[in-house]
Amino acid sequence: MQGSSDRGPADLTQLQATMQAIEIACSSIQNSQVANARFQAAAAIRDAAIREWGLLTSDDKKSLIRLDFAAAEKEAFMYEVKQAVLGVHGVDVQFTGINFLESLVSEFSPSTSTAMGLPREFHEQCLKSLELEYLKTFYCWAQDAAVSVTSRIIESHSAVPEVKVCTAALRLMLQILNWDFRYNTNMAKGAKPSMDVFNDGVRHDIASPKRSECILVQPGPSWRDVLISSGHIGWLLGLYGALRQKFSCEGYWLDCPVAVSARKLIVQFCSLTGTIFPSGKNLTSLSLPLIISSEMLDGCRALLSMATVTTPTVFDQLLKSVSPFGTLTLLSTLMCEVIKVLMTKNTEEETWSWMARDILLDTWTTLLIPMHSIGENARFPSEGINAAANLFALIVEAELRAASASAFNDDEDSQYLQASISAMDERLSSYALIARAAIDVAIPLLTRLFTERFARLHQGKGITDPTETLEELYSLLLITGHVLADEGEGETPSVPMAIQTHFVDIVETHKHPVVVLSSTIIRFAEQSLDQEMRMSVFSPRLMEAVIWFLARWSSTYLMVPEECREDNCNSGYDHESWLRSQHSRKALLSFFGQHNQGKPVLDVIVRISMMTLISYPGEKDLQALTCYQLLHSLVRRKNVCTHLVAFDSWRELANTFANGRTLFSLHSTHQRSLAQTLVLSASGMRNSEASNQYVRDLTSHMTAYLVEMSNKNDLKNFSQQPDIILSVSCLLERLRGAARALEPRTQKAIYEMGFSVMNSVLVLLEVYKHEFAVVYLLLKFVVDWVDGEIIYLEAQETAIVVDFCMRLLQLYSSHNIGKISVSLSSSLLSEAKTEMYKDLRALLQLIANLCSKDMVDFSSDSIETQGTSISQVVYFGLHIVTPLISLDLLKYPKLCHDYFSLLSHMLEVYPEMVAQLNNEAFAHVLGTLDFGLHHQDTEVVDMCLKVLKALASYHYKETSIGKIGLGSHASGFKDSDGKFQEGILSRFLRSLLQLLLFEDYSTDLVGIAADALFPLILCEQGVYQRLGQELADSQANPTLKSRLVNALQSLTSSNQLSPTLDRINYQRFRKNLHSFLIEVHGFLRTM
């Protein structure tokens, strides 16, 4: 090692590729008097240590970690780093210096640091030190480095090495701006600030679903002088402009590294936000050059970044100081040009124009989504309304042109033809937001376009091919449906705010633009009832759009109850404007109310629905829309059901379903949905008895068929015929649908329905034990029926249902249904596992539904009067189900969730029954519990912790009063090989401590983990002491060992904690565990 202290930069650069690099470099740092050599040695250590870290011994690692400088030495070293970065030692060293800083920043960031096996505390200290003391300095050095080579690059007429220096410097600046800033120097030392937002004119919600595409830059006020006050942004734009002017003639300019790095940095500045701006100011004065300087795609990204952190008003003003038009006009113009390119080239490939369209759409969405909810300041600027109107008109034109072009497209892979309604929903929703920003223009435009094409159909009837027009109508229906109404997502959607607050001067309701447009479409849809028109015009594809529109529209506008017509939120409008909008809204909704056109329109919709189900056999998508969306949306509201059940059209649909064979052609799941819809409509009957009779009339034919079939002597012979299996499957799906529609007023009829087929279900389970699909349907019917009925049943009825479920479980078990043969091929084995998963999940749901009787019970007497014990059913069910649930099956998320949910509930409610399980069943439960405790799903882990809490607290309370608790399950024992097996409580105490101290988990679990850990410690105090001692002995550092011992002591003694499992002690232990983990996590966890 003699002479190594005098090695120069070139020598040390070569050492980076050798196995001795670390040793030589360390010697240089310790002995050299040349700061530049020490800098090069540090760079060599960085490269070699990262490359060879896994091969180093613990002592080698510690020696590197402890390699430190005195204050004066550190200052000298950092000075030399600065000299290198600024180019004092030449371009090559400058490039190396910038890369050194880039790697340093990367290593100090938790998301990109190399795993070194060091305490988390060490990493956090390094991170904080870098952010507060060096990050801004490094940024300034990088900028100065770029400045130092700019002139050379611009003046040179050939490729020069300074280009790579400039690129690296820009890349380092971008990396620093992407840093997750955690510490605000204006706050108390060590405090972690909450997210900052703009104070004036800046979005406070930032609720765009596309926000993840923008990384917000929030470095705090300490960076103001570097990024804002110094003219740094002007320098960056000047640099890009100069480089662009010089190299734009070169074909590679757009994609060359220096151009890409500069544009990324410019775009990132567009996301600058937070307290870096003085109070009352924002980025308005900085934004214009940022927007106009980037190339097309990056310019679009810059606009999206701006939209993410500003309101529409502020966004529009960004150009106003230097331009006759606002930013919204620019946004509209850009997107119009992009759409024109797409219309001209008509390409379906993911070209730049597609990318630009999507980014610009995201920008509009980001600006427009919160407009209806955040008050006066969110109103759209008038210039923006015109821009949105022009853009929407071009969007509709483009969509119609694409639809027309697709009419005779024989390409089966055409994106337009293949795209389903749901697949286009996101894009159409963005179009709707743009339309609503200019709703006064958009609604009349849609009305005119629809009327023109409606008239074109009639004028060219029998003369011209209507295919193009039909495709255009398909497109118009989808666009109009999104503009007029929002998706309900399980709730009754309100009229869009833009529609509520416009058209307030309309006096005659029938002339309201929304009424005119809606009526036009409904009249068009009604034409489908005419057979001739249906055959010539209404293809299955067009009918899908019609049904989809009617479902979406009717949920918002059809027969809205009076109480729902009032809107108490004035959304930032003055009182007079709010009153006018309310009058307009009430007038609009009253037109399609029950006292005006509501009932005729509802009747038309019912007749269209029935026609669709009968006249379009085999069209599964169309029938699914009719059953799941349109018909189901009609029965959500009781006031609509009241009119439905009085219509001849609805009675005809119900009669055809109950007594005819026509609707058996529907897919079985669609029949389930239709049955559910028809039973739900019973809520519209005048009283409970009428509702029950209505349900009996619907279901009696189905139950009679199953009973008659199950009683036949030759059942086994003819039951395996395909048509019989299909009929049975369809009837079971119908019964499931009826059971799922149970409401208090129809409970009696639904119980009678299930009761009448109890024996039939058991017979069919026996007959179809090898038909997985039928077995599953039988189980699911029972699950749904018990789920709805159990809480209403009186004691005698409950005893009947419980006995039936016991017989069902016994029968399922006796036929070995659910067991898989290991001799199956891999494909059949996978299929068998899937079938088994479905069955077991149904059985788990059945047991869980029975358990609910002990929690919610509306009956008038106790089930104990009939000698019925829910816990006995649970106990029996566990013995049957748990052996069938393997760890492989628990990899199915839904089964896993249902299993642990049931286990958690049973152990909390019936811990004594679980303790009585035999050793095999109990061991299986514990094995699955250990699996769930380390599951990636936080909810599963939460349920497992609740199980541990229930087990340990039950055992502790029982043993405290002299009982055996979990008995032999809790104590250790010797297995058949003579090896000692620790008890379950000590085993899970060890496992839970391991999880909390050394594994990754959500901090949301700490509370419930404390609730599980507390009784475990009380049950196994000796084990806890031993584990604590082992943990302390593993700490070689005396200081850390002392901290750990004190923390372990405080965990069980602080806050006046006492060995009693009551609410106050659980709360105290939660606080203790939280403090304990804060204290020890930093040095026990490694990264």
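**Salt bridges and packing**

Author: K891 and D888 form a salt bridge, with their closest N and O atoms 3.4 Å apart. A salt bridge here is a side-chain nitrogen of Lys or Arg within 4 Å of a carboxyl oxygen of Asp or Glu. This is a predicted model: local features need pLDDT of at least 70, side-chain atom pairs count only at pLDDT 80 or more, and totals for chains, interfaces and linings use all residues. Residues are numbered from 1 along each chain as its sequence is written, and side-chain values use heavy atoms, with hydrogens and water left out.

Reader: Is K891 buried or exposed?

Author: K891 is exposed, because its relative accessible area is 59%. The cut-offs are under 20% for buried and over 50% for exposed, with partly exposed in between (1.4 Å probe, protein chains only). D888, at 37%, is partly exposed.

Reader: How many salt bridges in the whole structure?

Author: The search finds 33. One of them joins E733 and R672, 2.8 Å from N to O. That pair links distant parts of the chain, 61 residues apart: E733 is in helix α34 (residues 722–740) and R672 in helix α31 (residues 668–680). Helices are DSSP runs (H or I, at least four residues), numbered from the N terminus.

Reader: And where do E733 and R672 fall, buried or exposed?

Author: E733 is buried at 4% relative accessibility, and R672 is buried at 16%.

Reader: Switching to packing. What is the angle between α10 and α11?

Author: About 150°, with the axes of α10 (residues 232–247) and α11 (residues 257–269) 11 Å apart. Axes are lines fitted to C-alpha atoms, for helices over the stretch in contact, and angles run from 0 to 180 degrees between N-to-C directions. The two helices are therefore roughly antiparallel, a term for angles over 145 degrees.

Reader: Which residues of α10 and α11 meet?

Author: From α10, H232, I233, L236, L237, Y240 and L243; from α11, V258, A259, A262, R263, L265, I266 and F269. Contact means heavy atoms within 4.5 Å.

Reader: Last one, F454. Which residues does F454 touch?

Author: Leaving aside residues up to four places away in sequence, F454 touches T520, R523, F524 and Q527. F454 lies in helix α20 (residues 439–459) and counts as buried, at 13% relative accessibility. Its C-alpha atom is 9.9 Å from that of R523, 69 residues apart along the chain.

Technical notes:
Angles under 35 degrees count as roughly parallel, over 145 as roughly antiparallel, 65 to 115 as roughly perpendicular and the rest as oblique.
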